Amino acid sequence: MPEAVGGFLLSRLRPDHPVIFGIAGSQGSGKSTLAAHLAKTYGGVSLSLDDAYLMREERVELARKVHPLFHTRGVPGTHDLELLGRVLDALLDASENSETPLPAFDKLADERLPIDQWPVFKGRPRFVILEGWCLGVLPEPEARLADPVNTLEAEADVLLHWREAVNQALSTAYAALHQRLEALVYLRAPDFDTVLDWRCEQEAGLLGVEYIPAGRRGALARFVAHFQRLTLWMMQGGIRADMTVDLDTRRRVVAIAMNHTT
């Protein structure tokens with residue numbers, strides 16, 4: 001897969017200036033690994049949407065003003081896209097002598113690191129790869145919002161305020177971010193149950209253990225439920241991607257399709 005994706009992205013490079021590529025896909029699909037590999041192999045820099053989450057205090061305020069479910073990071077509306085935009089601008093405008101700090105988020109602490117702890121990219125990248133689970137997601141038709149997809153939505157978003165706010169964010173700031181991408185690759189999981197398995201594997205890796213306890217898996221199931229609606233929507237075609245890579249439960253490539261997008 002790296003060779004196929006790399007060859008496709010290289011064909012979209014511009015000789016006169018760096019461009020931004022996107023990699024989308026569910027939690028645990030391998031976005032970060034692929035982005036880092038491509039950046040290292042072909043002279044780019046990788047950046048994660050996850051590292052641009054709002055600070056915890058900002059999410060608390062968002063939860064108070066809009067909906068309590070925004071306290072949990074992840075869905076559209078919980079990222080600092082202004083910060084991300086400034087970093088992308090700095091990378092695109094970088095010279096050979098530039099030093100560009102890249103945001104970093106500590107997921108175990110649920111907080112962005114201070115700027116003096118951010119990694120620094122030195123020089124001018126050939127391209128930027130931005131990876132993030134919800135890149136390129138299209139707003140859902142309003143009729144789809146009415147029926148909850150899980151218990152979380154049924155119990156905690158009875159009036160649809162959270163779903164509507166997320167959809168509004170997709171229509172505005174996240175749509176503008178997508179317009180900056182030269183091309184988007186989507187790594188599609190086989191089903192949503194697999195997404196939970198992959199997220200549990202991620203957690204085990206962060207903690208340095210082989211398996212996580214059953215109780216922790218239950219907590220992660222509730223966390224992943226925040227992403228279920230849009231993850232299913234993406235699987236069903238609700239994403240504007242230039243290349244779709246279908247994966248099996250072990251992240252092996254099943255098929256690769258080129259999509260005609262506008």
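Gly 22 sits opposite Leu 184 in strand 8, and Gly 22 also stands opposite Leu 130 in strand 7. This is a predicted model, where local features need pLDDT of at least 70 and side-chain atom pairs count only at pLDDT 80 or more, while totals for chains, interfaces and linings use all residues. Residues are numbered from 1 along each chain as its sequence is written, and side-chain values use heavy atoms, with hydrogens and water left out. Helices (H or I, at least four residues) and strands (E, at least two) are DSSP runs, numbered from the N terminus.

Strand 1 and strand 8 pair in the parallel sense over six bridges, pairing being called when DSSP finds at least two bridges between two strands. Four bridges join strand 1 to strand 7, again parallel. As for cover, six of the six residues of strand 1 are buried (under 20% relative accessible area, with exposed over 50% and partly exposed in between; 1.4 Å probe, protein chains only). Both faces are covered: Ile 20, Gly 22 and Ala 24 lie on one side, with Phe 21, Ile 23 and Gly 25 on the other.

Helix 1 (residues 2-10) has Val 5, Gly 6, Phe 8 and Leu 9 as its buried residues. They end up on the same side of helix 1 because they cover an arc of only 165° around the axis, taken from the directions from the helix axis to the C-beta atoms. These buried residues pack against strand 1 (20-25), helix 2 (31-42), strand 7 (128-131), strand 8 (181-188), strand 9 (243-247) and strand 10 (253-258), contact meaning heavy atoms within 4.5 Å.
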